[in-house]
Amino acid sequence: MKKALLIILLLLLTTSGNNTFAQAEFETGSIGIVLNNFGRVRIYSPDIATSVQIDRFSFLASMDANHVFDYRNDAETVDTAVAVDNPQMSDHQLSVNVDNAFSGNPPAMECKVDVLGWNQGGYIIVKYTFTNKEAAAFETKFGFDILPQVEAAYGLESSNYISAEGVVNIYKGSPSTNIGFKILSTELSSLR
């Protein structure tokens, strides 16, 4: 039995940085987005050539405490990252389909990643659609792996989680440069 789960994530940010190694990308005028062939989302600013705000934003999906599908160890390209011609729900759309056949580790899953953006918008929506490829159904917990590069440097960033709103903020020092993530369709279970 196959079941698909949809997770939608809204990313809000105020500034970002440049990127040169793209698989598929778009710029809204306010931010730039890169989606690679393994499902990694990178966020930068078309106006600031010195930094990438989010070096890597990728999903995590667990079968249990010992079996997690993650970008770094498991992701393999099913369909390469592309910019979608004539998107139906946004001005810009990137799409890629990945699975974890590379590692062969459970849980056997496929994930379609769609990134939606709007002209002049300082935000995007990332939609994840997971399909269970295991023989039996199982309860899945979803999370995210975020590698920030706030204000052109790794490390020393702060973060806070507002559980009542499902919001995560990442910033350095005073929150002059700040990135916000809002989970739209499921409670976040992988933050502590």
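With which side chain does the side chain of Asp-55 make a polar contact? The partner is the side chain of Arg-42, at 2.6 Å. The model discussed here is predicted. Its largest nonpolar core has 33 residues, and a search of the whole structure finds nine aromatic pairs.

**Nonpolar core**

- Ile-33, Val-41, Val-113, Val-115 and Tyr-128 are the residues with the most contacts inside the largest nonpolar core.

**Asp-55**

- Asp-55 sits in strand 5, which covers residues 52-64.
- Its relative accessibility is 12%, so Asp-55 counts as buried, the cut-off being under 20%.
- Apart from neighbours within four places in sequence, Asp-55 is in contact with Arg-40, Val-41, Arg-42, Leu-147, Gln-149 and Tyr-154.

**Gln-93**

- Gln-93 belongs to strand 8, residues 92-99.
- Gln-93 has a relative accessibility of 15% and therefore counts as buried.
- A polar contact of 3.1 Å joins the side chain of Gln-93 to the side chain of Asp-114.
- With neighbours within four places in sequence set aside, the contacts of Gln-93 are Phe-26, Val-82, Ala-83, Val-84, Pro-87, Asp-114, Val-115 and Leu-116.

**Aromatic rings**

- Among the nine aromatic pairs is the one formed by Phe-59 and Phe-69, which is edge-to-face, with 5.1 Å centre to centre and 90 degrees between the planes.
- This pair links distant parts of the chain, with Phe-59 in strand 5 and Phe-69 in strand 6 (residues 67-70), 10 residues apart.
- Phe-59 and Phe-69 are both buried.
- Phe-130 and Phe-142 form a tilted pair, because their ring centres are 4.7 Å apart and their planes are at 40 degrees.
- Phe-130 is in strand 10 (residues 123-132) and Phe-142 in strand 11 (residues 141-148), so this pair ties together parts 12 residues apart in sequence.
- Phe-130 and Phe-142 are likewise both buried.
- One aromatic cluster is made up of Phe-57, Phe-59, Phe-69, Tyr-128, Phe-130, Phe-142, Phe-144 and Phe-181.

Key
Residues are numbered from 1 along each chain as its sequence is written. This is a predicted model: local features need pLDDT of at least 70, side-chain atom pairs count only at pLDDT 80 or more; totals for chains, interfaces and linings use all residues. Side-chain values use heavy atoms; hydrogens and water are left out. A nonpolar core is a set of buried Ala, Val, Leu, Ile, Met, Phe, Trp, Tyr and Cys residues joined through side-chain atoms within 4.5 Å. Buried means under 20% relative accessible area, exposed over 50%, partly exposed in between (1.4 Å probe, protein chains only). Helices (H or I, at least four residues) and strands (E, at least two) are DSSP runs, numbered from the N terminus. A polar contact is a pair of N or O atoms within 3.5 Å; within protein, one must be able to donate a hydrogen and the other to accept it, and residues adjacent in sequence count only if both atoms are side-chain atoms. Contact means heavy atoms within 4.5 Å. Rings of Phe, Tyr and Trp (its six-membered ring) pair if their centres lie within 6.5 Å; planes under 30 degrees apart count as stacked, over 60 as edge-to-face and the rest as tilted.
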